[in-house]
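Hello,

Here is the structure I promised to pass on to you. Please have a look at it first, and then read my notes below.

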Amino acid sequence: LTEKFERVLKKVTGQGRLTEENISETLREIRRVLLDADVNYKVAKQFIEDVKVKALGKEVLTSITPGQLITKIIYDELTRLLGGNGAEIKLNPSGITTIMLIGLQGCGKTTFSAKLARLLKSKKRDVLLVAADVYRPAAVNQLKILGKQIDVPVFSIDDSKDPVKIAEDALEYARQNKLNTVIIDTAGRLHIDEEMMREAAAIKAKVNPTETLFVVDSMTGQDAVNSAKAFHEKVDFDGIVITKLDGDSRGGCVLSIRAVVDRPVKFVSAGEKLDSIEVFYPDRLASRILGKGDIVSLVEKAQQQVDEKEAEELQKKLMANKFDFDDFLKQIKMLKKMGSLKSIISMIPGVGSAIKNADIDDKQLVKVESIIQSMTKEERRNPKILNGSRRKRIARGSGNTIQDVNRLIKQFNEMQKMIKMINKQSGGRGMLNLKK
Ligand code: GDP
Ligand code: MG
């Protein structure tokens, strides 16, 4: 009986470990959410199974429930899977950078090529747009109109039916006119089609683009996945552009695409206007897929609990005057886990734009971290032994100057002194008491 009682209690307070039992309901709910967001059902099933295997047996901290913890684990894993590595677009510092866009008809290639041209122009690149869609005269006109709106030249050959030649001539034109960035808009088809693939592959082989971007309409569900797979096999590409995220779609197809094609998402677009182009943030899409509101606030709460628990432990050490460089490092890691300082601050409404140009230095955190990491265990626990030669070694080992190391140790000593003083004044009870 006691055992049973204990189990119920654990469920309520969230102490204990993740088990099949205490997370099954949450997993079912999340699976439904993923399917609603257009994630392919096989992908959803596999994803949840993988996360479950990894999560079972994990300890549940303090007052969060197993359901909350598994949700947070899922959110983190989803973010990781959507993210991948190296999402920046590659731009050659000298010579010509060529960007080629491929994808089905109607996915938003032509619109996106103008958006990208506008963005790169604002970064002081000299851009040339190339109309290599030879099947629809309207497509060439469409690009010309867009080019005029953003004041970017458009290269086209009126009576040519040869997109490879158009691309080649465009590069020559760029060379002669000292334009360093060429964006090639290619022809799509409504469905996967051998000729379209051959044509795109031929242009790619001839031009050897710096970046080939696959453009996909987020509203098209399983079609998006199939076309990604086909273009990946027949043409291959360096990155993905997701369009029409302003619609109802929650973007679940991105997870399905990433399950079959290991290429990073580089941009998203959410609107027909030419300024709606954004770099890709995996955590934002994860929130959207999981249905914004509820789940995200739940995840935030779970995160807060985890942080609070760590803060509490730190508090105990502070009171016992046992705060050392290891604790210092832990604190920095906690800060970093919250994202870059700049991005956190810029999310505060009203503050974001005002502070955009202010100099908030995340590098400083990295520096402090690297110095502490170059200390031995003994030095971290007992900073008093940090003499001149040790400091020199640490500076060299962490790639910092001796002044940097001295400054950090000085700050740390002052902090310790202050902690001691506070503890003394408050009769050892500590002034920084977290329990309000
Ligand atoms: P292409 O055939 O791949 O060149 O596609 P287009 O660039 O011609 O775009 C097809 C349609 O989708 C046009 O009506 C665009 O205005 C529209 N479109 C493109 N991108 C977006 C977007 O991000 N959001 C919305 N709502 N519409 C878009
Ligand atoms: Mg087009």
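**Notes on the model**

N208 counts as exposed, because its relative accessibility is 60%, over the 50% that the term requires. This residue sits in the loop between α8 and β7. Its phi is positive, about 50°, although N208 is not a glycine. Please keep in mind as you read that this is a predicted model.

D38 is another residue to look at: its phi is near 85°, a positive value in a residue other than glycine. You will find D38 in the loop between α2 (20–36) and α3 (41–55). D38 counts as partly exposed because its relative accessibility is 37%, which lies between the 20% and 50% cut-offs.

Now for the chain as a whole. It has 19 helices and 10 strands, and buried residues make up 44% of its 436 residues. Of the contacts between residues at least 6 apart in sequence, 75% join residues at least 24 apart. The accessible surface of the chain comes to about 24100 Å², and carbon and sulfur atoms account for 52% of that.

One helix I went through in detail is α9, which runs over residues 222–234. It has 13 residues and spans 18 Å from its first C-alpha to its last, close to the 18 Å expected at 1.5 Å a residue. Which residues of α9 are buried? They are A224, V225, S227, A228, A230 and F231. The elements that cover them include β3 (97–102), α8 (194–207), β7 (211–217) and α10 (253–260). After α9 comes D236, with a positive phi near 70°.

Finally, the ligand. Ligand 1 is surrounded by 17 residues, and the closest are G106, T110, T111, S269 and E272. Helix α5 (residues 109–122) gives the largest share of this shell, with 4 residues. By type, the shell divides into 3 nonpolar, 8 polar and 6 charged residues.

Here are some polar contacts to check on screen:

- A polar side-chain atom of T111 is 2.5 Å from an oxygen atom of ligand 1.
- A polar backbone atom of G106 lies 2.7 Å from an oxygen atom of ligand 1.
- For G108, a polar backbone atom is 3.0 Å from an oxygen atom of ligand 1.

On its own, ligand 1 has 570 Å² of accessible area, and the protein covers 79% of it.

Enjoy exploring it, and write back with any questions.

Best wishes

Note on methods. Residues numbered from 1 in each chain as written. Chains lettered and ligands numbered in written order. Predicted model: local features only at pLDDT ≥ 70, side-chain atom pairs only at ≥ 80, totals over all residues. Heavy atoms only, no water. Helix = DSSP H or I, 4+ residues; strand = E, 2+ residues; numbered from the N terminus. Expected span 1.5 Å × (residues − 1). Buried < 20%, exposed > 50% of the residue type's maximum accessible area, 1.4 Å probe, protein only. Contact = heavy atoms within 4.5 Å. Near = heavy atom within 4 Å. Polar contact = N/O pair within 3.5 Å; in protein donor to acceptor, adjacent residues only side chain to side chain. Areas by Shrake-Rupley, 256 points an atom, 1.4 Å probe, with all protein chains shown as cover. Nonpolar A, V, L, I, M, F, W, Y, C, P; charged D, E, K, R; others polar.
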